[in-house]
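Reader: I'm new to reading protein models, and I'd like to look closely at one part of this one. Could you walk me through it?

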Amino acid sequence: MPDKIANLINRLGRSIHCRQFAQGLNPAQWEALRYLSRANRYSRTPSALADYLHTTKGTASQTLKSLEAKGYVRRVPVPEDRRAVRLDVTDAGQTVLRRDPLQCLETSAAGLGGDLETVSRFLGRLAAALERSNGKVFGLCAECTYFCKNDEAGAESQAHKCGLHEEPLTAMDATKICVSHRCARG
Ligand code: SF4
């Protein structure tokens with residue numbers, strides 16, 4: 001069975017790859033744009049992007065330059081660290097993301113029905129296992145062992161907290177992915 005799963009995922013990957021030459025972007029540029037729209041403020045850096053894409057910093061930098069040239073991403077200085085830079089998706093980037101070719105996969109998955117929750121959990125664990133073998137696991141902030149939940153949260157003044165960075169996190173931050181995520185399962 002594992003060999004069948006591996007072959008199916010590989011087949012899906014090839015089918016999805018060729019659809020992602022769309023809207024003037026290539027598959028790596030789409031994946032970078034998706035990542036930057038989902039990543040939290042600690043993770044929107046060139047090096048975290050390279051880790052997420054499983055590529056070199058040089059290749060990730062070329063991808064970023066293309067996205068900047070198209071006006072989809074901008075570099076924002078980080079006040080606390082003059083050498084650091086944060087990458088933000090622009091309004092134009094958000095607009096093009098609404099025409100993400102990956103949506104055809106979402107539509108097909110929804111149309112098939114079945115226990116999507118179980119499939120999603122299984123694929124999530126598989127992705128994490130592969131990322132772990134590459135040294136970095138990107139995960140959801142709300143599922144991190146450093147995440148200190150404030151049950152009364154709702155307003156900015158009653159924010160959650162990051163136990164690693166010792167900084168407040170909003171409800172929106174809790175839904176983002178993070179390069180420093182630590183999984184409860186280790
Ligand atoms: S709680 Fe974890 S995932 Fe969230 S910002 Fe802190 S280190 Fe990152």
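Which residues are buried in helix α3 (residues 46-53)?

Author: Happy to! First, a word on the model. It is a predicted one, in which local features need pLDDT of at least 70 and side-chain atom pairs count only at pLDDT 80 or more, while totals for chains, interfaces and linings use all residues. Residues are numbered from 1 along each chain as its sequence is written.

In α3, the buried residues are A48, L49, A50, D51 and Y52. "Buried" means that 20 or more other C-beta atoms, placed from the backbone, lie within 10 Å of a residue's own; 12 or fewer makes it exposed, and anything in between partly exposed. Over the whole chain, buried residues make up 19% of the 186. The helix itself is a DSSP run (H or I, at least four residues; strands are E, at least two), and elements are numbered from the N terminus.

What lies over those residues? The cover of α3's buried residues includes α2, α4 and β2 (81-89). Here a contact means two C-beta atoms, placed from the backbone, within 7 Å. Just past the end of α3, H54 has a positive phi of about 55 degrees.

Helix α2 (residues 27-38) and helix α4 (residues 57-69) meet at an angle of about 80 degrees, their axes 10 Å apart. That makes α2 roughly perpendicular to α4, a label for angles of 65 to 115 degrees (under 35 is roughly parallel, over 145 roughly antiparallel, the rest oblique). The axes are lines fitted to C-alpha atoms over the stretch in contact, and angles run from 0 to 180 degrees between N-to-C directions. On the α2 side the contact uses A28, Q29, A32 and L33, and on the α4 side T63, L64, S66 and L67. Of these residues, 5 are nonpolar, 3 polar and none charged. Nonpolar covers Ala, Val, Leu, Ile, Met, Phe, Trp, Tyr, Cys and Pro; charged covers Asp, Glu, Lys and Arg; the others, Gly among them, are polar.

Residue E31 also belongs to α2. It is partly exposed, because 19 other C-beta atoms lie within 10 Å. Its C-alpha atom is 15 Å from that of T95, 64 residues away along the chain.

From the N terminus on, they run α-α-α-α-β-β-α-α-α-β-β-β-β-β.
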